[in-house]
Structure formats: structure tokens, C-alpha cells
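Student: I would like to learn how to read a protein model, one feature at a time. Where do we begin?

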Amino acid sequence: ASESYVLGIETSCDDTAAAVVLRRADGSCRILSNEVWAQHDDHAAYGGVVPEIAARSHVERLDATIEKAVAAAGVDYDQLAAVAATAGPGLVGGVMVGLTAAKAVALAHDLPLFPINHLEGHALSVRLTEKAAFPYLLLLISGGHTQLIRVAGVGDYERLGTTIDDAAGESFDKTAKLLGLGAPGGPMIEAAAVGGRTDRFALPEPLKRREGCDFSFSGLKTAVREAAEGIPSPTGQDVADIAASFQIAAARHLAQRTEKAMGIMGSHGEGRLVAAGGVAANCTIKKMLQQLCAANSWRLIVPPPKYCTDNGAMIAWAGAERLAAGLIPDQAEAMRLAPRA
Ligand code: KG4
Ligand code: ZN
């Protein structure tokens with residue numbers, strides 16, 4: 001495969017994002033631009049992402065975000081080899097906005113359109129900045145998903161485990177809300193936990209006796225609520241202690257289930273664990289996974305935080321990888337494709 005510039009568009013949740021990446025003939029990547037317009041302020045008053053507001057904000061900002069990404073990359077539309085956009089899963093209004101814009105760009109500039117599964121974007125995001133060879137074990141931890149996946153190649157994924165209730169990021173977001181910390185919950189909990197005691201509250205170890213690699217976070221959330229309710233007027237230290245206890249319990253649970261998946265992968269994982277998705281930006285979780293890998297002589301690879309959270313570069317890159325692998329979607333079908341919730 002030769003060099004290709006690909007435009008990527010991501011609008012599945014509350015980030016309006018577009019980016020241009022270059023995939024070189026040797027398979028390496030250069031990120032030429034990565035524009036992300038985070039909508040946190042639009043949703044702040046509601047204590048969570050409001051789908052209708054998210055969709056409207058994407059409508060208002062996406063065109064300018066795409067223009068900015070293309071201009072910042074220093075390329076012309078006719079230099080692009082393809083346009084890629086998240087086609088789901090996500091909030092359907094937002095996905096619709098991004099996918100429709102991508103169809104328009106593809107038609108206007110006669111480019112192939114790559115509808116991308118959002119999870120594939122996260123799954124391959126590590127290869128934006130690292131030469132992570134296939135296969136690897138992926139721990140995908142985001143606001144909507146918590147999965148362990150064997151990534152054998154582009155388009156070749158085997159799910160080993162998933163959450164049976166809340167997603168990891170969702171549990172951070174709900175816990176932050178409960179503690180009155182605001183959004184986005186993950187970074188708020190991480191900041192609040194600094195200086196907190198991790199051993200003050202005995203939180204449960206989810207699915208301790210259950211085989212396999214599934215996750216569960218709703219029990220932790222309930223235990224945190226009960227701990228918080230036991231302190232009628234909490235001090236800053238109380239909040240720090242609860243946040244720290246929750247964070248370490250979540251990190252332990254993630255590491256414990258990941259260890260089981262490492263066992264299933266055996267030598268087939270080639271000893272590579274990749275953590276991706278917004279929650280992989282968390283330092284306590286990274287440290288715990290690092291210890292797990294060190295104990296098993298595995299290597300941990302985590303993309304930089306800005307490529308862990310939702311971004312256009314990972315979607316552009318998934319398109320570029322598919323293009324290089326010859327996995328070109330039927331264009332009539334791609335143009336008819338409806339967004340997937
Ligand atoms: O991957 P992402 O940007 O969007 C989804 O696909 O969901 O992940 C967002 C999630 C949110 O739940 C957010 O609270 C969480 O990632 N997150 C974190 C951190 N930064 C973002 N969770 C824990 N610690 C962080 N530092
Ligand atoms: Zn995501």
C-alpha cells in the first residue's frame with residue numbers, strides 16, 4: 001500500500017472531533033491534525049450528556065471542526081484518500097450528524113467513505129503512536145464500554161469479556177455525580193482522590209468468585225453510595241477518601257479480570273496488553289495494570305490521554321488501516337448506511 005491521507009470524523013458522544021492522519025507505506029502513522037471540541041459545558045447543568053443537546057452541538061460545530069482539521073493538516077480535500085466516520089455505536093443523533101457530514105464530503109470530493117465502528121477506533125488507537133504488532137490483548141475502558149478483546153488484526157476481533165451492568169467510565173461518572181464533583185467524572189474523581197485514603201472504606205470486589213473475564217461495576221457504585229450516605233456532612237477529606245477508595249477498587253477489579261484474560265490468551269497475546277478508551281487515562285489504573293504486566297512479563301501499552309478519550313484521529317486511522325488492508329466498503333451500501341445506536 002502507498003501513502004494515504006485520511007480524514008476522520010467522530011461525533012458519537014459529547015466530543016465533536018475531526019482529524020487527518022497520514023498512513024505511510026511502511027504502516028507507520030503521522031497525525032497531521034486532531035481537532036476536538038469537548039461539549040462538557042453544554043451539558044454541565046444537566047449532570048450528564050443530554051442526547052438532543054449533543055446532537056445540536058455537533059450540528060453547530062462539526063463543519064467548522066472539519067474545516068479546521070483539514071486546514072491544520074495542510075492538505076487539500078483532493079489529496080485525501082478516504083473519509084472515515086463513526087457509524088455507531090453511540091448516541092444516534094450525534095452519529096447521524098457525523099455520518100451525514102462524511103457522506104457529503106465523500107460525494108463532494110469523490111472519496112471513498114469508510115463507516116467505522118467506534119470500538120474499532122479505540123481498538124486500533126494504540127497504533128497511532130506505537131508500533132504495536134498484532135495480536136494484542138485490548139482492555140477497552142470508556143464511558144459506554146468495558147471489554148476485553150483479542151485484537152488479531154484489522155477487522156479481526158474476539159471479545160473475551162464485557163460488563164454485565166455499568167461501563168467503567170459510567171461508574172466514575174455516576175460516583176462523581178454522587179459526590180457532587182461534577183463532570184466529566186473520571187478526571188474529577190482522579191483529582192479528588194489525591195491525598196485520599198484508599199483503605200478507609202471496605203468496598204466489595206465485584207465478581208470475585210466468578211470465572212471468565214466479565215466485569216461488574218454496579219455493586220461498587222451502590223457501596224459508594226452507602227458509604228457516602230453514612231457521612232451526612234462530608235469534609236473535603238471524606239470526599240477524597242471515598243474517591244480514592246472507589247478508584248482503587250475499580251482499578252483492582254479491572255486488573256483482576258484482565259489477569260484472567262491474559263491467562264486465556266496465554267502465549268497467543270505475545271505478551272502485549274493495550275489499554276484504551278477514556279478511562280485508560282487514569283494514572284491509578286495504569287499503575288495497577290503496569291504491576292500486573294510486570295508480574296507476568298507482559299508489556300503494557302497505553303496511548304497518550306488525548307488519544308484515549310474520543311478523538312477523530314483514531315477514526316481516521318481505522319479508515320486508513322482498513323484501506324491499506326483492502327477492506328474497502330461497498331460504496332452504494334456505505335452511502336445508504338443508517339447510524340447505529
Ligand atoms: O472513550 P471516551 O472519551 O468516550 C466513550 O467512548 O465513552 O471515554 C469517556 C469516559 C468517561 O466516562 C470519563 O469519565 C472517563 O472516560 N475518563 C476517565 C478519565 N478520563 C476520562 N475515567 C477515569 N479517570 C480518568 N482520568
Ligand atoms: Zn469512545
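Tutor: Begin with a sheet: an open one is formed by 5 strands in the order β3-β2-β1-β4-β5, with mixed pairing. Because β3 (29-38) and β5 stand at its edges, each with a single partner strand, one side of each is left without a neighbour in the sheet. From one strand to the next the twist averages 20°.

Student: What do the labels and the pairing rest on?

Tutor: Helices (H or I, at least four residues) and strands (E, at least two) are DSSP runs, numbered from the N terminus. Two strands pair if DSSP finds at least two bridges between them. Angles run from 0 to 180 degrees between N-to-C directions, and axes are lines fitted to C-alpha atoms, for helices over the stretch in contact. Residues are numbered from 1 along each chain as its sequence is written, and chains are lettered from A and ligands numbered from 1 in the order in which they are written. This is a predicted model, in which local features need pLDDT of at least 70, side-chain atom pairs count only at pLDDT 80 or more, and totals for chains, interfaces and linings use all residues.

Student: How many bridges does β1 have with β4, and in which sense do they pair?

Tutor: Strand β1 (residues 4-10) pairs with β4 in the parallel sense, over 5 bridges. Gly 8 has Ala 84 in β4 as its bridge partner.

Student: Which helices pack on this sheet?

Tutor: Packing is read from contacts: two residues are in contact if their C-beta atoms, placed from the backbone, lie within 7 Å. Helix α2 (residues 51-73) touches β1, β2 (15-23) and β3, and its direction makes about 25° with that of β2. α11 lies across β1, β2, β3, β4 and β5, running at about 135° to β1.

Student: What is the strand order in the other sheet?

Tutor: That open sheet of 5 strands has the order β8-β7-β6-β9-β10, again with mixed pairing. Its edges are β8 (156-162) and β10 (299-301); each has a single partner strand, so one side of each is left without a neighbour in the sheet. Here the twist averages 25° from one strand to the next. Strands β6 (residues 136-141) and β9 (residues 272-276) run parallel and are joined by 4 bridges. Leu 137 has Leu 273 in β9 as its bridge partner. Helix α8 (residues 236-265) packs on the sheet, touching β6, β7 (146-153), β8 and β9, and its direction makes about 155° with that of β6. Helix α9 (residues 283-296) also packs on the sheet, where it touches β9 and β10.

Student: How is the protein divided into domains?

Tutor: Domain bounds come from an automatic or database domain assignment. Here they give domain 1 (4-128 + 308-336) and domain 2 (136-302). Their C-alpha centres lie 27 Å apart. In the contact between them, 16 residues of domain 1 meet 20 residues of domain 2. On the side of domain 1 that touches domain 2, the elements that give two or more residues are α1 (40-43), α4 (118-124) and α11 (312-324). The largest share of that side, 3 residues, comes from α4.

Student: Where does ligand 1 lie, and why?

Tutor: Both domain 1 and domain 2 give residues to the shell around ligand 1, so the ligand lies between them. A residue is near a molecule if its C-beta atom, placed from the backbone, lies within 6 Å of it. By that rule 20 residues surround ligand 1, and the closest are Gly 143, Gly 169, Gly 186, Gly 278 and Asn 282. α5 (168-178) and α6 (185-192) each supply at least two residues of the shell.

Student: Which peptide bonds are cis?

Tutor: The bond from Gly 88 to Pro 89 is cis, with omega near -10°. Pro 89 is in the loop between β4 (80-88) and α3 (92-109). Another cis peptide bond joins Ala 183 and Pro 184, with omega about -5°. The loop between α5 and α6 holds Pro 184.

Student: What is the average confidence?

Tutor: pLDDT is the predictor's confidence in each residue, from 0 to 100. Where pLDDT is low, the predicted coordinates should not be read in detail. This protein averages a pLDDT of 95, and 99% of the residues score at least 70.
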